[in-house]
Amino acid sequence: MKNILDYETVALVDEDDAIEIIDQTLLPGRIEIIRLHTAKEIWDAIYLLQVRGAPAIGVTAGFGLYLLMKHSKAPSYDEFMQELGEKSDYLNSSRPTAVNLSWALKRMEEHVKSYVGDGSFDKDAVIKEMKEEASRIKAEDIDVCRRIGENGLTLIKDGDGLLTHCNAGQLATCKYGTATAPMYLAHEKGWNIKVYCDETRPLLQGARLTAFELFSAGIDTTLLCDNMSASLMKTGAINAIFVGCDRVAANGDAANKIGTSMVATVAKRYNVPFYVCAPTSTIDINTPTGDQIRIEQRKPEEVTEMWYSERMAPEGVKVYNPAFDVTDNELITGIVTEFGVLRAPYDKAIKELFEKKNQK
């Protein structure tokens, strides 16, 4: 019998001109696979969190842009690029905080430009190249997550208690996850780790998704409300914290699901190492600090009504519902990337990382 880890988070169904995803809004109660065909369906799936997690959103964007251009009627390169830009801008408007969305779309556009660099325009060949580039984005995500897991594994030991916030697991990527990758690899080695999952209000990604997938994998998993992590850390049960992120600024500030900065602040108080797991595609060297990261504001109903059989707040009350917060770099023990663990000062470490990466 299949469990949630046996399904692909994002898959291209080319013969049906579709992207196939797990509708994550229905988890854990129901596993439903849906297909996205139109620009509106892809946009809605990203905005409504049917597909979510920065890497998975990036993969969806890559496949989405390919599919939306697959049957383009544009007769010339200039018209093709204009159409490509319009469709890219539309998809990019679905979620403003996760940098992988804009990164993947830009990568697809730049690849088309480089492929047609000699001035010739063979539309069929360009479309084929777009499909191959989108497939590379997915393959790289799997490889990158595995390497993040291997680097994160060096920071823990058998028997450790680990805390995570939100979902930076397989459901947020194509395999392994980012923050959960060290946990999955530790489990593969037979280590007896204990993982604690914040429920992650208001959308409950920790309860519905992280606890679901880790428990399905056979990992010792405990769920807790967000406001319980401080008391847990005080007991000494937590040896390290691993979280994902949607954007890392050039100075090491990291935007992640709302509540992450609170976890990091408490971790500092109790001397618990706090690690941000980030593929280099999530590091935005064009954003100087976390102050420049645009934070998505969500609908108030997510706080006042969602998950309840009847409204749980007075009608007309104001609601503050940011989807993300920014964790200051001084609270971060290390940033775990596919190339190693970055340490403070992060501006210098990130600069050196990209210099080495560009040389390769």
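**Close-up views of a predicted model**

**View 1. Helices H1 and H2 pack against each other at an angle of about 175°.** Helix H1 covers residues 39-47, and helix H2 covers residues 54-70. Their axes lie 10 Å apart. The angle is over 145°, so H1 is roughly antiparallel to H2. From H1, the contact uses Ala-39, Ile-42 and Ile-46. From H2, it uses Ile-57, Thr-60, Gly-64 and Leu-68. Sorted by class, this contact has five nonpolar residues, two polar ones and no charged ones. The structure shown here is a predicted model. In general, two packed helices are described by the angle between their axes and by the distance between those axes.

**View 2. Helix H1 has a run of buried residues.** They are Ile-42, Trp-43, Asp-44, Ala-45 and Ile-46. What covers them? The cover includes two strands, E2 (18-22) and E3 (33-36). It also includes the helices H2, H3 (77-92) and H4 (99-115). Two of the buried residues, Ile-42 and Ile-46, also belong to the contact with H2. An α-helix has 3.6 residues a turn, so residues three or four places apart point the same way. Look just past the end of H1 for Leu-49, which takes a positive phi of about 70°.

**View 3. Strands E1 and E2 form a hairpin.** Four residues lie between the two strands. In the turn, Asp-17 has a positive phi of about 50°. E1 and E2 pair in the antiparallel sense, over four bridges. Strands of a sheet pair through backbone hydrogen bonds, either parallel or antiparallel.

**View 4. Thr-9 sits in the segment before strand E1 (10-13).** Is Thr-9 buried or exposed? Its relative accessibility is 2%, below the 20% cut-off, so Thr-9 counts as buried. Its side chain reaches the backbone oxygen of Gln-170 at 2.9 Å. The side chain of Thr-9 also reaches the backbone oxygen of Thr-173, at 2.9 Å. Beyond its neighbours within four places in sequence, Thr-9 is in contact with residues including Glu-20, Ile-21, Ile-22 and Gln-24. Ala-56, Leu-171 and Cys-174 are also among its contacts.

**View 5. Lys-2 also lies in the segment before E1.** Lys-2 is exposed, with a relative accessible area of 51%. For a sense of scale, find Leu-91, which is 89 residues away along the chain. The C-alpha atoms of Lys-2 and Leu-91 are separated by 32 Å.

**View 6. Seven strands make an open sheet with mixed pairing.** Trace the order E6-E5-E4-E7-E10-E13-E14. Which strands are at the edges? They are E6 (220-224) and E14 (340-342), and each pairs on one side only. From one strand to the next, the twist averages 25°. Two helices pack on this sheet. Helix H9 (residues 260-269) touches E4, E5, E7 (240-243) and E10 (274-277). The direction of H9 makes about 145° with that of E10. Helix H11 (residues 346-359) touches E13 (334-337) and E14. The direction of H11 makes about 145° with that of E14.

**View 7. Strands E4 and E5 run parallel and are joined by four bridges.** E4 covers residues 161-164, and E5 covers residues 194-198. Follow the partners across the pair. Leu-162 has Val-195 in E5 as its bridge partner. Thr-164 stands opposite Cys-197 in E5. Four of the five residues of E5 are buried, so E5 is largely enclosed by the rest of the structure. In a regular strand the side chains alternate between the two faces of the sheet.

**View 8. Four strands make another open sheet, in the order E11-E8-E9-E12.** The pairing is mixed here too. E11 (283-284) and E12 (324-327) stand at the edges. Each has a single partner strand, so one side of each is left without a neighbour in the sheet. E9 (residues 254-257) pairs with E12 in the antiparallel sense, over four bridges. Ala-255 has Val-326 in E12 as its bridge partner.

How values were computed: Residues are numbered from 1 along each chain as its sequence is written. This is a predicted model: local features need pLDDT of at least 70, side-chain atom pairs count only at pLDDT 80 or more; totals for chains, interfaces and linings use all residues. Side-chain values use heavy atoms; hydrogens and water are left out. Axes are lines fitted to C-alpha atoms, for helices over the stretch in contact, and angles run from 0 to 180 degrees between N-to-C directions. Angles under 35 degrees count as roughly parallel, over 145 as roughly antiparallel, 65 to 115 as roughly perpendicular and the rest as oblique. Contact means heavy atoms within 4.5 Å. Ala, Val, Leu, Ile, Met, Phe, Trp, Tyr, Cys and Pro count as nonpolar, Asp, Glu, Lys and Arg as charged, and the others, Gly among them, as polar. Buried means under 20% relative accessible area, exposed over 50%, partly exposed in between (1.4 Å probe, protein chains only). A polar contact is a pair of N or O atoms within 3.5 Å; within protein, one must be able to donate a hydrogen and the other to accept it, and residues adjacent in sequence count only if both atoms are side-chain atoms. Two strands pair if DSSP finds at least two bridges between them.
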